[in-house]
Amino acid sequence: MRTTRFHVLTLFPEMIVQGLSPSVIGRACEKNIISLNAVNIRDYSTDRHGKTDDYPYGGGAGMLMQAQPVYDAHKAVTGGKKIRTIYVTPQGIPFTQAKAEELAKEDELVFICGHYEGIDERVLEETVTDYISIGDYVLTGGELPAMVMIDAIARLIPGVLGNDFSSEEESFHNDLLEYPQYSRPEQWHGRKVPEVLLSGNHKKVTEWRLEQAKQRTSARRPDLYRKYQEKQQLIKRLAVHKRNNIHMMEGLARGQAEILYSDAVSTVLLHNRRCKTCMAIAADEAAGITIAEKLPEDTELVMVSDFCLKELLVQRRFKAYGPYVQMLYTRREVLPVRYRDIRPLTPDHLPYVCGRYCDDAGGPGVDSEYIRARIQAGAMYGAFAEERIVGFAGIHSEGSLGMLFVEEPFRRQGIAAALEACAVNRMLEKGWTPYGQISAENTASIKLQEKLGFYRAEKTFWWLEKTLANST
Ligand code: ADE
């Protein structure tokens, strides 16, 4: 199992340990999903008295942390490996949810906490990859900001918030602030809970909450609200070809995709930071070139539905997988699950799933690491016969249905349909529109989805994977 490792170089390691251990983060450490290593910089001082600071050259108030102990502590932690190293400083770029999502993809992170008036610039130049601030105010040290960042990053790591999709789910409201919430009693200080919340009418409650979230965002964060409106407008435009564009509409509606480029017609580039995946459509070849040039550096996968875009990316040494058929379920009714024993998978099932689904069968980007993360995110279901797993299905990190497999002796008994139904119902519960891409060769799977009530997009789809040769 992968453990994400956080190292914090600090003069107050007990602050980090005591600050984070009693929380959700502490429980994730116990489960080995993450590890927290608070390193005392003072232990690396070569001074007889453990001194780590000195006066700044050129004068000025206060003391400066010296280069040597910080450097040696860093070297001890990294062992000379290149590990992303964050210096928490009010002079850094602002820490945002986007930054947290980006950093949550790393296997290992080092945080350097400054004290006094700062740290000798030379050691920062040699060790630091990112300068990040938690806001425009100055604290007495870097420990609190480091804890803030670790908390925000760790809760995005699959498994940390429990096996329930939690951090992925919340994204539906990502572009809006939370709506107001109420608990018992119904009346308090003469203030009543809004009537609609007592009505038991789910649809009305959802509408009310969305409206409240919009009003609140518009009043308190007009900047966020503008972004939300821009996405809503693009969703409307994409809805003209809903079957072809459902993957992009859902990425936007679920709050997972950002708009990197969109023109008024039919050239759009979306980016899902969390899984380093882009989705693009291009009206023509010239538009395709624009899209190809705007792909973020760290893009690993691109989903396209225009032949010219596919060809352009292949020329740029992406490897093409496909063609795929995109299918979507536009009804609201839940599907019947006609199999008794279907439940979420646990990491114990990883070898079974990988044995049957990794390598070529799984398609681009699907390896054991990926499957492990999907299991930990609570996004994979298994069908069991007498306690033995006989099949599985799941929800991909960018939101599509997939990873369907049923063992040969158990096929043609409705198990695949039941697994699909389970995932579909889960998505419907969240107000999502279920969709997926199926290899065009996999006629059995396409037929199954048609039987379940899915529609087929007219366009053909390809996944493009960045090859190593391309990333130089
Ligand atoms: N160290 C002191 N103040 C800070 C801030 N606002 N953000 C990050 N690190 C800091």
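This is a predicted model: local features need pLDDT of at least 70, side-chain atom pairs count only at pLDDT 80 or more; totals for chains, interfaces and linings use all residues.

I looked up Asp120 to start: it is buried, with a relative accessible area of 15%. For the cut-offs, buried means under 20% relative accessible area, exposed over 50%, and partly exposed in between (1.4 Å probe, protein chains only). The side chain of Asp120 meets that of Arg122 in a salt bridge, 2.7 Å from N to O. Arg122 counts as exposed at 53% relative accessibility. I took a salt bridge to be a side-chain nitrogen of Lys or Arg within 4 Å of a carboxyl oxygen of Asp or Glu.

Residues are numbered from 1 along each chain as its sequence is written, and side-chain values use heavy atoms, with hydrogens and water left out.

Next I checked how many salt bridges there are by this rule, and the count is 27. One of them pairs Arg84 with Glu106 at 3.1 Å, N to O. That pair links distant parts of the chain, 22 residues apart: Arg84 sits in the loop between helix H3 (67-78) and strand S5 (85-94), and Glu106 in the loop between helix H4 (97-103) and strand S6 (108-113). Helices (H or I, at least four residues) and strands (E, at least two) are DSSP runs, numbered from the N terminus. Arg84 is buried at 17%, whereas Glu106 is partly exposed at 23%.

Then I went to Glu143, in helix H6 (residues 143-154). Is Glu143 buried or exposed? At 1% relative accessibility, Glu143 counts as buried. Leaving out residues up to four places away in sequence, I found that Glu143 touches Thr10, Leu11, Phe12, Met15, Ile16, Cys113 and His115 (contact means heavy atoms within 4.5 Å). With Thr10, Glu143 makes a side-chain to side-chain polar contact at 2.5 Å; that term means a pair of N or O atoms within 3.5 Å, where within protein one must be able to donate a hydrogen and the other to accept it, and residues adjacent in sequence count only if both atoms are side-chain atoms.

Met15, one of those neighbours, belongs to helix H1 (residues 13-20) and is partly exposed at 32%.

Last, the whole protein. I get 16 helices and 20 strands. Of the 472 residues, 51% count as buried. The C-alpha trace spans about 75 × 65 × 55 Å along its principal axes.
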